Amino acid sequence: MTAPTTTTGPGGDVTGPHLTDADVVVVGGGPAGSCAALVAARAGLRVVLLERGPFPGSKNMYGGVVYPRILDQLIPQWWTQAPVQRWITRRSTMLLTDTQAMSVDFRSQAWAAAPHNGATAVRPEWDRWLAEEAAAAGAQVVCSTTVTGLLRDGHRIVGVRTDRPDGDLTARVVVACDGVNSFLAKQAGLYEHADAAHYTVGVKETLALPKATIDERFNVRDRDGVDIEILGGTGGVNGGAFLYTNLESVSVGVVLKVPKLAAQQRRPEEIIAALKAHPAITPLVDGGELVEYSAHLIPEAGLAMMPKVVADGMVVAGDAAALCLAAGIWLEGVNFAMASGMYAGESVVEAVRAGDVSETGLAGYRRRLADSFVLRDHRKLRRAPSLVLSDRVQHRYPPMIANTIERMFRVDNPAPKPGLRRILAEERKRAGVRVRDLARDAWDAMRTFG
Ligand SMILES: Cc1cc2nc3c(=O)[nH]c(=O)nc-3n(C[C@H](O)[C@H](O)[C@H](O)COP(=O)(O)OP(=O)(O)OC[C@H]3O[C@@H](n4cnc5c(N)ncnc54)[C@H](O)[C@@H]3O)c2cc1C
């Protein structure tokens, strides 16, 4: 495998190649950027991929589970070479209150075999591997280089300004894959407005544990792994939590709605500490040595926050276009980033070959997103972010459900069993949930997830 071409960094001490003008400049060496660069380079275009970190992925974090089937088209049999920690064979959805826990636990050994389903992977390894694929296809990968602005010719975007001594780089098309809060998409005027309510902040601890301990605690063997998505455990702040197994570490974290976190004046590390102290979580993470603490924003609102994805001379992919799918039981960003990067690459090749890189010439990108799972899933699940993060789903339903189940299994002899309908009615009232709201939320959930 060819290592990405890297430079030592801006400020004079550049040992890498001098930047030459390109057909395509891709900004950001995350999954979106590397897939875009890979597709465009394979088609024979001159591609430069610019990454601000010392290597692609060095600055990147996420929860920990990637769903790579979209790579079937791009890197056949990717599973033979991808840097995977464990293959997910157990997937649990857990509901937590302060003292209770309820899980729906599913496992499938089919997912242990190729082509697999999900995998835990470490981003510095995953992103570096994808960038190496782009470099092997001919893309020039230039690291330690921050893009500081767009170059324009009238309306048209014609390149980027960087912090390198050799500075500006012109290109026929710029592919902005600079992640959440994309400075480039904003500078191009593609975001109408920014709203803090559209974002969550994700905070994660990586805790080292011996493989044998993880296997025993999570009831798995070999390279099998576990994905636990948690409703509750966020200390009263709207959001969710997760716990994933790597080979010799576990990732435990929370995703918190930004305005609620600010209003409650809670610190994320306190919330993770409380999550780890929960009686259902402690036995899984106990004794783990903290080897990494990281935090990052998530564009959570889906369709409600998506910018225009095409301008004259530029397309936007991945989190930069808010394409991460955060829909309660699903948190999928890497596959949406890889797919949108791939479609961006294909559309750029089409436009360059046709000699029209205007917004019209690049319109194939919007069409590809619309015809694929990327926008179809977002459309189908458009109500999910607001439903899942609503106060009722976050704070009233978990105790209502957990108390109902606790009473179902509690043996209060000499009293006879009260019957599910009665318990549910009493717990609904105790949780302060009106029948009308329950019916509306159930209907919304059916329409969203059905
Ligand atoms: C806490 C948390 C948990 C998550 N869990 C999951 C999960 O389990 N599974 C999943 O699929 N998704 C998850 N996601 C979402 C996922 O991380 C993102 O959707 C995905 O990383 C988006 O990829 P991207 O390539 O668009 O952007 P990024 O991965 O953010 O990459 C952007 C790249 O651009 C570079 N860059 C930025 N600005 C510049 C600049 N000006 N010049 C040069 N380079 C620049 C950055 O250094 C970075 O390498 C999670 C996110 C968070 C925060």
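Biologist: Happy to look at this predicted model with you! In which handedness of crossing does α1 pass α8?
Modeller: The pair to look at is α1, residues 31-42, and α8, residues 334-354. In this predicted model, α1 passes α8 in a crossing that is right-handed.

Biologist: Are α1 and α8 roughly parallel or roughly antiparallel?
Modeller: Their axes lie 7 Å apart and pack at an angle of about 30°. Angles under 35 degrees count as roughly parallel, so α1 relative to α8 is roughly parallel.

Biologist: Nice! How many residues of the contact of α1 with α8 are charged?
Modeller: On the α1 side, the contact includes Leu 38 and Val 39, and on the α8 side Met 338 and Glu 346 are among the residues met. The contact divides into 14 nonpolar residues and five polar ones, and the number of charged residues is one.

Biologist: Now to the ligand: which residues come nearest?
Modeller: Its shell draws at least three residues from each of domain 1 and domain 2. By type, the shell divides into 17 nonpolar, 16 polar and seven charged residues. Of the 40 residues around the ligand, those that come nearest are Gly 28, Gly 30, Gly 202, Gly 318 and Gly 333.

Biologist: One more, please: what is the phi of His 116, which is not a glycine?
Modeller: His 116 lies in the loop between β5 and β6, where Pro 115 is also found. The peptide bond from Ala 114 to Pro 115 is cis, with omega near 10°. Most residues other than glycine have a negative phi. For His 116, though, phi is positive, at about 65°.

How values were computed
Residues are numbered from 1 along each chain as its sequence is written. This is a predicted model: local features need pLDDT of at least 70, side-chain atom pairs count only at pLDDT 80 or more; totals for chains, interfaces and linings use all residues. Axes are lines fitted to C-alpha atoms, for helices over the stretch in contact, and angles run from 0 to 180 degrees between N-to-C directions. Helices (H or I, at least four residues) and strands (E, at least two) are DSSP runs, numbered from the N terminus. Angles under 35 degrees count as roughly parallel, over 145 as roughly antiparallel, 65 to 115 as roughly perpendicular and the rest as oblique. A crossing is left-handed if the near helix is turned anticlockwise from the far one by less than a right angle, and right-handed if clockwise. Two residues are in contact if their C-beta atoms, placed from the backbone, lie within 7 Å. Ala, Val, Leu, Ile, Met, Phe, Trp, Tyr, Cys and Pro count as nonpolar, Asp, Glu, Lys and Arg as charged, and the others, Gly among them, as polar. A residue is near a molecule or strand if its C-beta atom, placed from the backbone, lies within 6 Å of it. Domain bounds come from an automatic or database domain assignment.
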